[in-house]
Amino acid sequence: MSREIRLNAFEMNCIGHQSPGLWRHPDDRSANYHTLEYWTDLAQILEQGRFDGLFLADVLGTYDVYGGNADAAVRNAIQVPVNDPLMPISAMAAVTKHLGFGVTATLSYEPPLTFARRISTLDHLTRGRIGWNIVTGYLDSAARGQGRERQTAHDDRYDLAEEYMEVVYRLWEGSWEDGAVLRDKERGIFADPGKVHKVTFEGRHYRVDAIHLCEPSPQRTPVLYQAGSSPKGRAFAARHAECVFVSGPAAGVIAKRVASIRALAAEAGRDPAAIKIFSLATLIPGETDAEASAKLADYRRFVSEEGALVLFSGWTGIDLARFRADEVVEHVRTEAGHSALENITVADPTKRWTVSEVAAWGGIGGIGPVVAGTPARVADWMEEWVADWMEEWVEATGVDGFNLAYALAHRTFSDVADLVVPELTRRGRYKQEYRAGSLCTKLGGPASGRLGESHPAASFRRGRPTAS
Ligand SMILES: Cc1cc2nc3c(=O)[nH]c(=O)nc-3n(C[C@H](O)[C@H](O)[C@H](O)COP(=O)(O)O)c2cc1C
């Protein structure tokens, strides 16, 4: 098979995730995000389409940068209300066998021990299908909700994250030795205390003196996702991530980031091709081009432009309510996400964005291309998008697939599963069936189901020279 194209679905436990206003469309289901059926139906649709994973975003604050308060966010349901992303995963795991779950959790506001336990619990319940999107947050409102004045400065957040990763690796990989769990009913020994070790850690930010509370789960360390694209973010991703999410308005913008992440991974002693990189896109397939265009035009009628500006203001840290509609957005340094602002300012030297363009363009799917057409046209675009990068940038690198946002929940994903997936499969660019094993293995990792030896987490395994 030619290089496989991989698919992730991008969702959040909220309404209209990255398509503000479209919850009002009669075919959109996202206002039912608070029901179990919403999630179990979604998981089944994605598994029928053999998606690699469902990626669940999360924030712990409100988008209150726009206009200086959260009114517009609340009025338009812009990622608020937002329920806990971990909770629906067990229910989705119960109705699927292969679909992976990449759940976003910020490390800024939860101690490593309790977080490590929650992830291990889900790794058990999903039988090794859990992934963690490592984030540090970008909203000051989240910091205020946790009793702080403002969030930690952008680059310092990544330093904190480095230390956090060491603690959770020690808990997941180094606390319980392989073979510690005996389940020996005859001798009455459940686990051998000689093989269960305390993690004793004293760092600048975290102190731990405890054993990991869970017995080893299938993957131990979950599949690690990361989505920061600033220089600090890329260096962090290159060291830790197995999957990286990138987003940008044009192939050239993303290609540079992809090449940089792979080069940094090689410098860090990892196989650069093993990191799976997914770029954001929204696909609107139809039986004919005319039908697909009509669908997209119909969806655009429901976009809330105010909602799109609320999102962009939150991502960039810039209050776009203070600009005129025809004003060009200029680049400044903020403590929110750096790459989100670069995307609409300096990332593409040929394009400057006015506020009204951001509002119109960002209304469906966020900062990624929206592609409407027949399954053949959409598949052509996907193949080109992946191939362009391979040819124009570093040989044999490029994105591995797409992180697909929805215009309408669940309609967009079922359209992709019904129309685009068969076309990609026919072209030999999509798996005929899932690979057996853990999420790590399905994504090309070792058959053992666990992280490979070149990953930094492996150095904390017991019985290795570097283990503490
Ligand atoms: C596709 C994508 C999804 C993201 N999802 C989340 C999320 O759910 N929660 C979050 O706090 N940050 C999320 N982020 C933000 C990143 O984790 C990161 O904080 C942000 O890109 C700023 O980092 P940077 O300045 O290094 O680019 C996402 C970013 C991208 C590109």
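By class, the lining of the second largest cavity has two nonpolar, four polar and two charged residues. Here Ala, Val, Leu, Ile, Met, Phe, Trp, Tyr, Cys and Pro count as nonpolar, Asp, Glu, Lys and Arg as charged, and the others, Gly among them, as polar. The residues in question are S108, Y109, T136, R148, Q151, T152, R157 and L160. This cavity has a volume of about 50 Å³. The model is predicted: local features need pLDDT of at least 70, side-chain atom pairs count only at pLDDT 80 or more, and totals for chains, interfaces and linings use all residues. Residues are numbered from 1 along each chain as its sequence is written, and side-chain values use heavy atoms, with hydrogens and water left out.

Cavities and pockets were located on a 1 Å grid over the protein atoms alone. A cavity is a set of points where a 1.4 Å probe fits but cannot get out; a pocket is an open set with protein on both sides within 12 Å along at least five of seven lines. Lining residues have an atom within 4 Å of a point. Grid points are joined across faces, edges and corners, and a volume is the space filled by probe spheres set on the points.

The whole structure holds five cavities of 30 Å³ or more. At least two residues each come from β1 (6-12), β2 (53-57), β3 (100-106), β4 (130-135), α6 (154-174), β10 (243-246) and α11 (338-343). Helices (H or I, at least four residues) and strands (E, at least two) are DSSP runs, numbered from the N terminus.

The largest pocket has a volume of about 280 Å³. It is lined by 17 residues, and E242, R270, A274, G445 and G452 lie nearest its centre. The lining divides into eight nonpolar, five polar and four charged residues. The second largest pocket holds about 170 Å³. Among its 14 lining residues, D58, L60, D84, E110 and R118 lie nearest the centre. Strand β3 gives the most to this lining, with three residues.

The largest nonpolar core has 84 residues. Such a core is a set of buried Ala, Val, Leu, Ile, Met, Phe, Trp, Tyr and Cys residues joined through side-chain atoms within 4.5 Å. Buried means under 20% relative accessible area, exposed over 50%, and partly exposed in between (1.4 Å probe, protein chains only). F51, W132, M382 and F402 have the most contacts inside the core. Helix α6 gives the most to it, with ten residues. Apart from this core lies another, of 43 residues, including A142, C243, V310 and I367.

Helix α1 (residues 36-48) has 13 residues and should span 18 Å at 1.5 Å a residue. The expected span is 1.5 Å times one less than the number of residues. The end C-alpha atoms are 18 Å apart, which agrees. Buried residues of α1 are Y38, W39, T40, L42, A43, I45, L46 and E47. Their cover includes β1, β2, α3 (89-94) and α14 (411-426). R50 follows α1 with a positive phi, near 55°.

Q226 is found in strand β9 (residues 223-226). It counts as buried because its relative accessibility is 3%. Its C-alpha atom is separated by 8.3 Å from that of W132, 94 residues apart along the chain. Contacts (heavy atoms within 4.5 Å) of Q226 include N133, I134, Y158 and F245, not counting residues up to four places away in sequence.
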